[in-house]
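Biologist: I am new to this structure and would like to learn how to read it. Could you walk me through it?

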Amino acid sequence: MKMTFRWFGSKSDTVTLKQIRQIPGMTGIMGFLDYKKAGEVWERDEIKPYVAEVHAAGLECEVIESVNVHEDIKMGVPARDVHISNYIETIRNLAGFGVKVIVYNFMPVFDWLRTDLARVIEEDGSNSLYFDEKDLGTMGPLEIVAKTSRDSGGFSLPGWEPERLAELEKTLERYKTVTAEDLLRNYKYFIDALVPVCEEAGVVMACHPDDPAWPIFGLPRIAHTLEGFDKIIALNDSPAHSLCLCTGSLASNRDNDVPAIVRHFGRKGRVACMHIRNVKHLGHRHFRESSHLSADGDLDMYAVVKAMSDTCPNVYVRPDHGRMIWDEAGRPGYGLYDRALGAAYLNGLWEAVNKCV
Ligand code: CS2
Ligand code: MN
């Protein structure tokens, strides 16, 4: 396990590299240029200073996240070829600076979705990201986007690029004729084009699950169950076509046995990295994010870490979203304190699991 932390860059993150470096066991970051639009090339002169800053702080930068896939690729329209060649250029550029894993998702239109970014947890006064499908029913896609931007406190949120969402109405309309089968076929076209370049450049593509882990707003979604990921993995046999198993995204759907999913793909050698967080179910399609501790949520973190240790012990890991605690103000889900506690807890589980053989 290589423990890392998501970092949005010195201009955009409330958390500093020095703070990240001081978290016990931290080896690197999962990086992100939060201003890039889906489909744009990540240029060498943008990547270079970011990576140099991370290295100067004594951290590695081997994983990059949210190199977002343009909707034309997911929809499979002719314009996709330009976006695919841009994506390939980005892969080469990132590889040139030592990046080994690229995390992305294949969700139409939306990345993750919540109905409240700061729901107060009554027991202790902390707050966290929250979802209740009932609230969605009354809101609809345009309202939820407006609400999320309003509530984000001015912070950029991964997957919620304003340019992409400005086109929302049009994009939703264009998706009306795209089925889950089409999406899978378009995925194959995309990944088949990337894999030879990845193999040559020494980069692994890691698909992040749909969040929440079921289709929303009638849009096709294919990456949220063991069976769905089996189909995705079968699209291309290369180990360069891999997964980023995000436990909180997967566990939003109670039907998912997350440790079993980790074991299944870990044994196949198709887990490149993991995002680890916990969720607390409050009803049907109604949950909030909890602290990482097993006792605070519905995921058995010991079982998750054990599955990882047994089947994919060398993966990159980061504590995904944390709650806002100790009066911290920052980007929803991405403050320092609770994620640092999460990392410390995961390090403890890791030590215990590996000593108890
Ligand atoms: C994040 C995602 O919120 C999360 O779970 O990990 O936004 C993730 O970075 C993207 O989906 C990857 O493209
Ligand atoms: Mn995640």
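**A kinked helix, a barrel and a sheet**

Modeller: Let's begin with helix α8, which has a kink of about 30 degrees at Val-195, shortly before the proline Pro-196. The bend at a residue is the angle between axes fitted to the seven residues ending there and the seven starting there. Helices (H or I, at least four residues) and strands (E, at least two) are DSSP runs, numbered from the N terminus. This is a predicted model, where local features need pLDDT of at least 70 and side-chain atom pairs count only at pLDDT 80 or more, while totals for chains, interfaces and linings use all residues. Residues are numbered from 1 along each chain as its sequence is written, and chains are lettered from A and ligands numbered from 1 in the order in which they are written.

Biologist: Which residues of α8 are buried?

Modeller: An α-helix has 3.6 residues a turn, so residues three or four places apart point the same way. The buried ones in α8 are Leu-183, Asn-186, Tyr-187, Phe-190, Ile-191, Leu-194 and Cys-198. Buried means that 20 or more other C-beta atoms, placed from the backbone, lie within 10 Å of the residue's own.

Biologist: In what order do the strands of the barrel come?

Modeller: Two strands pair if DSSP finds at least two bridges between them. Here eight strands close into a barrel, β1-β2-β3-β4-β7-β8-β9-β12, with parallel pairing. As one example, β2 (residues 28–31) and β3 (residues 60–65) pair over three bridges, with Gly-31 opposite Ile-64.

Biologist: And which strands form the open sheet?

Modeller: That sheet runs β5-β6-β11-β10, with antiparallel pairing. β5 and β10 (278–283) are at the edges with a single partner strand each, so one side of each has no neighbour in the sheet. β5 and β6 form a hairpin with six residues between them, and Gly-125 in the turn has a positive phi of about 80 degrees. Five bridges join β10 to β11, and Gly-283 stands opposite His-286.

Biologist: How many residues surround ligand 1?

Modeller: A residue counts if its C-beta atom, placed from the backbone, lies within 6 Å. Ligand 1 has 15 around it, the closest being Ser-66, Asn-105, Trp-112, Pro-158 and His-208. Strand β4 (residues 101–105) gives the largest share of this shell, three residues.

Note on methods:
Buried ≥ 20, exposed ≤ 12 C-beta atoms within 10 Å, placed from the backbone.
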